[in-house]
Number of protein chains: 4
Amino acid sequence: MSTFGTLFRVTTYGESHCASVGAIVDGCPPGLQLSAEDVQVQLSRRRPGQSNLTTPRNEKDAVHIQSGIEHGVTLGTPIGLLVKNEDQRPHDYSETDLYPRPSHADYTYLQKYGVKASSGGGRSSARETIGRVAAGAIAERYLKEVYGVEIVAFVSSVGKVHLPATVAPPSLIPNDGNEDNDEAEDALSPEFRQLLATITREEVDKHPTRCPHLETGERMTKRILRAKDASDSIGGTVTCVIRNVPSGLGEPVFDKFEAKLGHAMLSIPATKAFEIGSGFRGTEVPGSRHNDAFVKKEDGSLGTATNWSGGVQGGITNGEDIYFRIGFKSPATISQAQATAQYDGTPGELAARGRHDPCVVPRAVPIVEAMAALVVMDQLLIQGARRSAAAGLPPVTTLPPTMVMPPQ
Amino acid sequence: MSTFGTLFRVTTYGESHCASVGAIVDGCPPGLQLSAEDVQVQLSRRRPGQSNLTTPRNEKDAVHIQSGIEHGVTLGTPIGLLVKNEDQRPHDYSETDLYPRPSHADYTYLQKYGVKASSGGGRSSARETIGRVAAGAIAERYLKEVYGVEIVAFVSSVGKVHLPATVAPPSLIPNDGNEDNDEAEDALSPEFRQLLATITREEVDKHPTRCPHLETGERMTKRILRAKDASDSIGGTVTCVIRNVPSGLGEPVFDKFEAKLGHAMLSIPATKAFEIGSGFRGTEVPGSRHNDAFVKKEDGSLGTATNWSGGVQGGITNGEDIYFRIGFKSPATISQAQATAQYDGTPGELAARGRHDPCVVPRAVPIVEAMAALVVMDQLLIQGARRSAAAGLPPVTTLPPTMVMPPQ
Amino acid sequence: MSTFGTLFRVTTYGESHCASVGAIVDGCPPGLQLSAEDVQVQLSRRRPGQSNLTTPRNEKDAVHIQSGIEHGVTLGTPIGLLVKNEDQRPHDYSETDLYPRPSHADYTYLQKYGVKASSGGGRSSARETIGRVAAGAIAERYLKEVYGVEIVAFVSSVGKVHLPATVAPPSLIPNDGNEDNDEAEDALSPEFRQLLATITREEVDKHPTRCPHLETGERMTKRILRAKDASDSIGGTVTCVIRNVPSGLGEPVFDKFEAKLGHAMLSIPATKAFEIGSGFRGTEVPGSRHNDAFVKKEDGSLGTATNWSGGVQGGITNGEDIYFRIGFKSPATISQAQATAQYDGTPGELAARGRHDPCVVPRAVPIVEAMAALVVMDQLLIQGARRSAAAGLPPVTTLPPTMVMPPQ
Amino acid sequence: MSTFGTLFRVTTYGESHCASVGAIVDGCPPGLQLSAEDVQVQLSRRRPGQSNLTTPRNEKDAVHIQSGIEHGVTLGTPIGLLVKNEDQRPHDYSETDLYPRPSHADYTYLQKYGVKASSGGGRSSARETIGRVAAGAIAERYLKEVYGVEIVAFVSSVGKVHLPATVAPPSLIPNDGNEDNDEAEDALSPEFRQLLATITREEVDKHPTRCPHLETGERMTKRILRAKDASDSIGGTVTCVIRNVPSGLGEPVFDKFEAKLGHAMLSIPATKAFEIGSGFRGTEVPGSRHNDAFVKKEDGSLGTATNWSGGVQGGITNGEDIYFRIGFKSPATISQAQATAQYDGTPGELAARGRHDPCVVPRAVPIVEAMAALVVMDQLLIQGARRSAAAGLPPVTTLPPTMVMPPQ
């Protein structure tokens with residue numbers, strides 16, 4: 001349905017050409033300083049028309065907070081959020097209405113509902129993500145304030161243009177094809193870990209592609225413009241890191257941290273793939289090399305020497321950086337003519353009207369960050385319930401010492 | 001938590017060394033013929049000791065149905081399922097208790113709960129998956145009976161041993177490294193689509209690795225035995241196809257079909273990656289080639305000429321084969337000595353005692369199938385609610401024809 | 001939280017003095033004719049200022065539909081609903097802010113959240129019910145269209161002014177005090193059943209008290225005006241009937257129909273009591289008299305000769321009229337001076353400023369109807385999922401005939 | 001469905017004549033000392049055969065804990081609970097199978113599922129409550145340990161035999177019938193409040209009726225035996241008090257504390273009515289008398305001088321005693337012959353075979369206590385999440401002082 005989360009719960013509404021899109025954010029902790037500007041900054045990073053790489057539609061996307069806040073402080077009650085649909089133009093798509101757009105949602109929405117919005121795929125519109133980004137910005141505001149959580153996403157590939165192997169996520173580094181060679185440590189380079197540890201949104205935004213490696217960004221630009229010139233489109237991947245998440249988040253067994261995170265990411269339009277930590281690449285590395293050995297950190301607590309796990313072990317965060325990568329397919333809506341069939345099966349050619357994003361990954365960056373914030377926030381509240389409940393109990397004295405948390 | 005699903009809802013309990021593991025399956029349609037044998041067959045495919053590639057522990061894993069069935073017919077009430085833990089051996093792990101196993105759940109469970117099971121990671125035990133497999137078998141029984149749904153998973157890679165490019169999922173075929181070359185159609189070969197369309201469990205089970213390509217299976221065997229001999233472990237990927245799923249399943253926007261499927265798969269122990277359809281590979285293929293053109297099928301309905309989408313568009317099934325791939329990391333528990341630290345930070349060496357699976361992917365096959373069945377079943381019920389509700393309404397006459405399902 | 005329902009799901013936001021109040025209605029069947037007027041009519045019955053018995057605040061409460069509908073037809077996507085807060089006057093309550101209002105939510109909201117809205121009880125405001133009424137109107141539109149469901153609530157008592165015994169719900173008829181006399185059939189009079197079977201909203205609205213028995217309504221008016229004159233308040237009960245609900249709704253065991261209905265009703269502000277069918281009165285009537293004997297109806301199906309059960313047996317609807325009664329306490333906010341204490345414990349006198357409803361039950365009528373519609377709609381969808389799933393199965397042939405639905 | 005709760009979540013299975021009944025309790029705080037005996041004590045209070053007032057079936061009802069506990073300490077993982085069905089006797093009811101039992105669940109289960117258990121109403125069996133009682137005992141163990149919560153239910157009426165007015169809940173005291181007389185304070189007597197404040201389970205269990213007023217208990221006994229002798233049945237009410245619940249529990253707006261409590265209670269078989277605090281009686285008492293004035297307590301915090309509210313205001317607990325009353329109808333299964341119809345409509349006479357409880361309220365006492373514990377526990381965890389999240393924020397300095405919790 002249109003609701004995400006258990007204790008920090010977001011419900012969204014709206015499609016391309018209705019009066020507004022919006023969300024209700026329920027479960028925000030009371031007493032948090034929050035302004036519309038906190039939300040607006042991420043909405044503005046999401047909206048189109050920011051460079052010649054994206055659709056030139058000028059959506060102002062100004063958020064109006066309806067409830068849940070007084071004097072700039074959250075009350076703990078639901079926060080209503082609304083963004084008007086100013087640039088509606090509902091007839092722009094009308095001439096092509098006899099055709100379900102290939103690989104778009106027109107056909108499946110009609111199969112599902114029996115009716116569909118005039119704009120086609122209804123809620124599959126990218127405009128639906130406004131509510132997510134607004135809600136995620138609220139979660140992030142809390143996480144940063146209390147835990148110093150930092151969430152930074154960036155573009156790691158566009159088409160076949162990848163980050164260089166030195167700073168690429170493991171799966172972007174091809175294996176050597178030698179089944180008998182286990183030397184694969186380079187798939188998790190110290191430079192990449194360093195990038196994860198230090199990258200900021202400011203750095204990411206320096207290049208219109210939101211790729212933090214500028215030379216690669218330039219090649220991505222060329223790749224996107226080539227697609228644009230051909231009235232075609234191209235996909236890419238977004239990599240995201242979440243720093244300073246407390247250990248202990250994630251609910252065994254069905255709601256493991258990575259399961260919720262994957263759920264969140266795969267609910268973003270156009271996503272087809274998700275991996276955490278070493279991901280698919282980690283399936284090729286023997287356990288003896290892939291295991292993250294424990295080490296004593298300066299503060300006396302345990303950390304890991306490497307981080308193939310991506311900050312999650314057994315479905316629960318371990319305090320290390322959480323990193324993951326999402327694959328976005330090439331956008332389905334292209335203005336190049338395509339041989340396809342009408343709803344009634346009549347063969348023909350479809351060329352989409354209007355202006356379309358040749359590549360969505362730069363704009364997907366704040367959406368990925370928002371969904372990440374929603375997952376962390378919800379899991380934090382759930383674990384907070386458990387820990388505060390357990391904290392009321394007397395110390396456990398009847399278990400063997402190895403079954404109890406040692407004093408730290 | 002330990003519950004999965006909205007209308008077809010599975011709740012599991014149990015860890016390695018307690019009295020039993022089990023599940024409650026709520027929401028099974030009434031009037032379904034169901035026997036313990038229907039459930040047992042998949043449990044038996046899951047259990048260890050089936051070949052020299054897996055752990056030799058002999059778990060009988062006989063399921064006992066507690067409720068919800070009379071005279072071999074489901075009543076619609078919750079089905080209680082129980083499998084006794086006969087082979088408990090709780091002391092097998094005891095000497096290593098000072099060490100959290102690297103990349104295992106010992107440390108994170110302790111962080112989460114403050115206490116942990118004597119066996120270590122508690123619910124992260126592979127034994128927890130028994131409840132899922134039993135529940136999935138019930139869902140599958142229904143899906144097969146009513147829709148002819150077929151779910152077949154198989155091993156597509158072990159370490160760097162992949163299926164050959166002709167029958168491999170797209171992401172297992174390396175790209176050509178040429179950023180300016182869009183000729184990538186071979187990433188979705190007709191032979192692979194044919195494999196998806198025809199593969200059966202019987203064929204999969206012909207080789208102990210559960211790889212349907214026997215020559216590759218032999219190389220996988222060698223790879224696994226090499227890991228075993230080195231007291232090491234190796235990961236792999238499982239690919240799964242679901243055939244004959246009706247169109248229209250999946251709930252926009254947060255519960256898209258692939259989001260729920262990804263959630264389900266990433267909740268299986270040791271998973272680190274998930275992709276559907278063209279997955280990560282699809283990010284490299286231009287929209288003009290990646291889009292699945294519509295064609296009129298023999299029965300008059302619409303199908304697609306290709307299936308890069310993997311049977312899902314806009315988060316909703318389109319009636320084509322659903323296929324996806326899951327990455328399982330190399331098992332964390334190895335008997336090779338590892339330099340690591342104790343809970344209190346003291347450095348040392350850990351060598352796990354007991355017998356451990358050098359590779360879990362062959363046994364993961366029925367678990368993947370079970371989770372797939374749970375997702376399809378739940379989404380089917382939810383969509384069934386909508387369609388049966390809409391069916392009661394008079395035909396819509398006030399919408400433009402292109403907004404309404406055409407008569408078929 | 002602020003969400004109600006599983007498949008027909010309503011989420012509300014807003015308090016007294018924020019920008020707007022509203023709701024998102026998710027799960028509405030697609031293809032339903034729906035206009036703002038369908039919603040407005042119940043909102044208008046809910047708003048204050050309709051007679052001298054209620055608060056004279058003039059809230060226009062015009063609903064604005066944001067999404068989910070095109071050309072007057074529901075799309076199946078979330079319906080965003082918004083009602084602006086035009087008459088805000090946030091400073092009206094300011095002088096009394098040192099005092100938590102006795103039996104109001106000021107104190108408990110502060111205990112819960114640590115902060116509170118300037119208006120006091122925040123979401124406990126009657127204005128929150130706007131979202132419910134709007135959502136309920138949508139549910140009702142469907143239920144009426146497809147099943148002919150009729151939901152009519154009315155005022156059955158104000159203070160000690162009750163409907164006369166001939167047409168009163170059982171619990172409003174005092175027992176005779178004779179423990180050894182079981183003659184209690186009069187507690188469920190044929191006239192009352194006839195009232196339930198025929199009462200309409202038009203009849204209910206004929207009197208400003210919304211009591212369908214006009215002479216009693218006049219006495220209720222006097223009672224309310226007496227409270228008003230004394231700057232005091234008075235409570236009352238609302239009785240509601242739901243006609244034409246299909247049998248089979250309600251989910252054993254925790255979500256029995258009456259459990260969900262009670263949940264819904266007790267979530268309405270100021271409610272303290274709920275009973276279904278014979279309710280508390282039914283605890284005094286022996287089983288031999290209380291049991292509803294089955295009879296063959298004209299259409300060949302089974303009905304019951306009496307209806308002590310109130311249309312629900314074993315938590316599942318049986319097709320008979322569903323009737324229930326809700327108790328609303330006397331409103332807490334009165335302008336009469338009250339001896340009480342400030343937040344810091346200082347004793348003093350509080351006299352609420354502003355204008356307050358001396359009695360809420362007439363305005364509660366559409367709220368009760370709305371919550372009833374939400375419960376029926378959600379249960380209908382859930383049961384629809386089950387029935388449509390079961391309908392796909394072949395007929396059950398292996399059960400004894402008494403365990404299977406006989407052909408009708 | 002068969003699951004109750006959000007963070008403390010109970011799922012039950014089982015009907016009368018299957019292998020076992022049981023439950024999975026998910027979300028129990030880790031580190032709690034818990035033994036089977038803690039659970040058994042309430043199960044033993046629930047089981048039949050404890051006096052000549054109940055059915056003489058001898059159910060041993062020994063609980064077997066399957067998981068989630070080691071060395072007598074909870075691990076935080078799901079606790080599997082199982083009670084074998086030893087006294088099954090599935091054929092005892094067979095001769096009457098042509099008749100749906102009036103006011104029982106036979107007919108509605110068949111309408112709902114299309115099939116039914118051989119025992120009739122399947123999950124409507126009182127045996128289903130075993131899982132609830134076991135789960136509730138675990139919740140209660142925690143609540144008592146950490147908060148000193150005390151939950152005591154008792155029988156307040158059987159048929160027309162009520163507790164005397166001095167110690168009766170308000171609604172059991174008839175009003176004076178004078179619409180113009182507001183003198184109704186006696187409906188909440190100091191003696192009754194004293195009873196609520198001090199009553200213990202030991203006192204309740206002193207009389208087989210579980211009525212704490214022994215003379216009334218004797219009259220109840222006579223009333224029950226009169227029903228038994230007539231092969232008839234009689235209903236009654238159970239009143240329950242929950243002491244020492246922290247303030248701030250309950251979630252606005254749909255999950256108000258009383259809404260969840262009402263939901264829980266109305267999910268118990270045979271319940272038809274629920275009221276909290278002054279309940280239906282409170283609808284007759286003017287606001288000026290009904291309001292609970294605040295007073296400074298000895299510890300400096302605020303309490304209320306009276307407690308018409310029943311410990312809940314605005315849907316949130318205020319720290320006062322929570323009390324409520326539930327109405328149980330007269331049991332439907334009686335061995336007296338009843339004129340009714342068969343499933344196919346044929347008129348006839350039904351006399352139930354076997355032994356049946358003439359009155360269920362004494363045995364309902366521990367079930368009511370269990371459901372109360374489940375509600376408090378779940379709400380406590382949810383509020384714990386919020387409070388621990390808010391506690392991490394810096395003090396709010398930008399709100400007017402009256403909007404912030406004063407230092408205490």
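## Basis of the model

Helices (H or I, at least four residues) and strands (E, at least two) are DSSP runs, numbered from the N terminus. This is a predicted model, in which local features need pLDDT of at least 70 and side-chain atom pairs count only at pLDDT 80 or more, whereas totals for chains, interfaces and linings use all residues. Residues are numbered from 1 along each chain as its sequence is written, and chains are lettered from A and ligands numbered from 1 in the order in which they are written.

The predictor assigns the complex an ipTM of 0.96 together with a pTM of 0.97.

## Chains C and D

Chain D is superposed on chain C, with an RMSD of 0.0 Å, by a rotation of 180° with 0.0 Å of shift along its axis, which is the relation of a two-fold axis; copies are superposed by least squares on the C-alpha atoms of residues with pLDDT of at least 70 in both. Because 100% of the interface residues of chain D are also interface residues in chain C, the copies meet through the same surface.

The contact between them takes 114 residues from chain D and 114 residues from chain C, where two residues are in contact if their C-beta atoms, placed from the backbone, lie within 7 Å. On the side of chain D that touches chain C, helix H2 (residues 106–113) of chain D gives the most, with six residues. That side divides into 44 nonpolar, 49 polar and 21 charged residues, with Ala, Val, Leu, Ile, Met, Phe, Trp, Tyr, Cys and Pro counted as nonpolar, Asp, Glu, Lys and Arg as charged, and the others, Gly among them, as polar.

## Chains B and D

Chain B and chain D contribute 36 residues and 36 residues to their contact. Strand E2 (9–13) and strand E3 (20–26) of chain B are the elements that give two or more residues to the side of chain B that touches chain D, and the largest share, four residues, comes from E3(B). By class, this side of chain B has 12 nonpolar, 18 polar and six charged residues.

## Inside chain D

D:Gly277 is placed in the loop between strand E11 (271–276) and helix H8 (287–290) of chain D. D:Gly277 is buried, with 29 other C-beta atoms within 10 Å; a residue is buried if 20 or more other C-beta atoms lie within 10 Å of its own, exposed if 12 or fewer, and partly exposed in between, with C-beta atoms placed from the backbone. Leaving aside neighbours within four places in sequence, the contacts of D:Gly277 include C:Lys272, D:Trp308 and D:Tyr323.

## Local backbone features

In chain A, the peptide bond from A:Pro252 to A:Val253 is cis, with omega near 5°, and A:Val253 lies in the loop between strand E10 (236–243) and helix H7 (257–266) of chain A. A cis peptide bond also joins B:Pro252 and B:Val253, with omega about 5°.

A:Ser231, a residue other than glycine, has a positive phi near 55°, and with 16 C-beta neighbours inside 10 Å it counts as partly exposed. For C:Ser231, likewise not a glycine, phi is positive at about 50°.
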